[in-house]
Amino acid sequence: AVLMCVNFTACSEDDPTDEEGSSTTQPSDEKKLVKIIQFVDGRLESVSEFKYGLNGRIAEYQNKTWFGGDNPDQMKYEYNWYSNDSITAIRDGELSKGFKLSEGKIVRETNYYGDESYCYTYNKDGYIIEYKELGQDASYNYTWNNDKLLQVDDDYYIRYSDSTCKGFFPLFCDEAIIGSGDILFNAHPELVGARITYLPSNMTSTNERTTFDYELDADGYIKSCTIVEEEYHGGKWYAYKPDTYEFVWE
């Protein structure tokens with residue numbers, strides 16, 4: 001893959017060079033993702049809500065998750081944007097993460113809870129091609145073709161239906177193991193070079209496979225997505241209970 005200019009992709013133990021990044025807001029004529037509702041085998045599992053500032057960037061994320069009881073666990077993130085080159089995430093009133101941007105893409109992520117830093121690298125088209133923890137040998141590598149992510153490392157493959165959607169596929173950063181999978185990427189996948197309108201039909205690895213089924217609304221945005229995960233062991237495939245996600249766009 002052809003890398004972008006050195007001061008964009010290079011990542012080391014030192015902070016990346018400060019640069020004025022480009023706008024990372026969504027196109028003005030597109031709706032924004034404001035809610036994700038998750039059901040597991042027909043039972044309500046979680047509700048996630050996104051609020052945006054006047055500039056179209058996410059300002060707040062709230063989540064309620066039920067773990068089989070009546071009282072949900074709750075969390076709240078607040079996102080502060082500084083010009084176009086950095087973002088901080090405040091979780092329940094405490095500093096949680098920091099993101100360093102260059103040319104509209106995250107090049108470094110710092111997790112203050114775990115004192116860990118991660119580097120993101122992109123190709124000339126702005127799609128992510130590597131994610132790794134600084135000081136560690138392990139990394140994720142991504143293979144793209146015609147605006148589609150086809151492969152993660154050497155054993156995780158993605159195939160697509162013939163359909164596309166308006167906006168983007170909201171769960172792509174979770175299911176395709178894009179970086180840390182921070183909730184920020186569900187609202188702004190363009191920040192990590194993973195904003196796609198193609199709809200994955202299945203993802204497979206040696207011992208796992210995942211299939212997707214979609215319903216689009218009248219405007220072409222994803223209204224719901226049902227995910228079935230299966231695991232191979234003992235010579236057979238075993239399916240988990242299906243997850244169904246409903247999406248609200250405004």
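1. The model is predicted, so local features need pLDDT of at least 70 and side-chain atom pairs count only at pLDDT 80 or more, while totals for chains, interfaces and linings use all residues. Residues are numbered from 1 along each chain as its sequence is written, and side-chain values use heavy atoms, with hydrogens and water left out.

2. The chain has three helices and 17 strands (DSSP runs: H or I of at least four residues, E of at least two, numbered from the N terminus). Of its 250 residues, 46% are buried (under 20% relative accessible area, 1.4 Å probe, protein chains only).

3. The accessible surface is about 12,700 Å², with 43% belonging to carbon and sulfur atoms (Shrake-Rupley method, 1.4 Å probe). Among contacts (heavy atoms within 4.5 Å) between residues at least 6 apart in sequence, 45% join residues at least 24 apart.

4. Q38 lies in strand 1, residues 33–40, and counts as buried because its relative accessibility is 15%. Beyond its neighbours within four places in sequence, Q38 contacts R43, L44, E45, S46, D243, T244 and Y245. The C-alpha atoms of Q38 and T244 are 5.8 Å apart, across 206 residues of sequence. The Q38 and Y245 side chains form a polar contact of 3.2 Å (N or O atoms within 3.5 Å, within protein one able to donate a hydrogen and the other to accept it; residues adjacent in sequence count only if both atoms are side-chain atoms).

5. E45 is in strand 2, residues 43–52, and is buried at 14% relative accessible area. Its side chain makes a polar contact of 3.0 Å with that of R43. Not counting residues up to four places away in sequence, E45 touches Q38, F39, V40, K64, T65 and W66.

Key. Buried means under 20% relative accessible area, exposed over 50%, partly exposed in between (1.4 Å probe, protein chains only).
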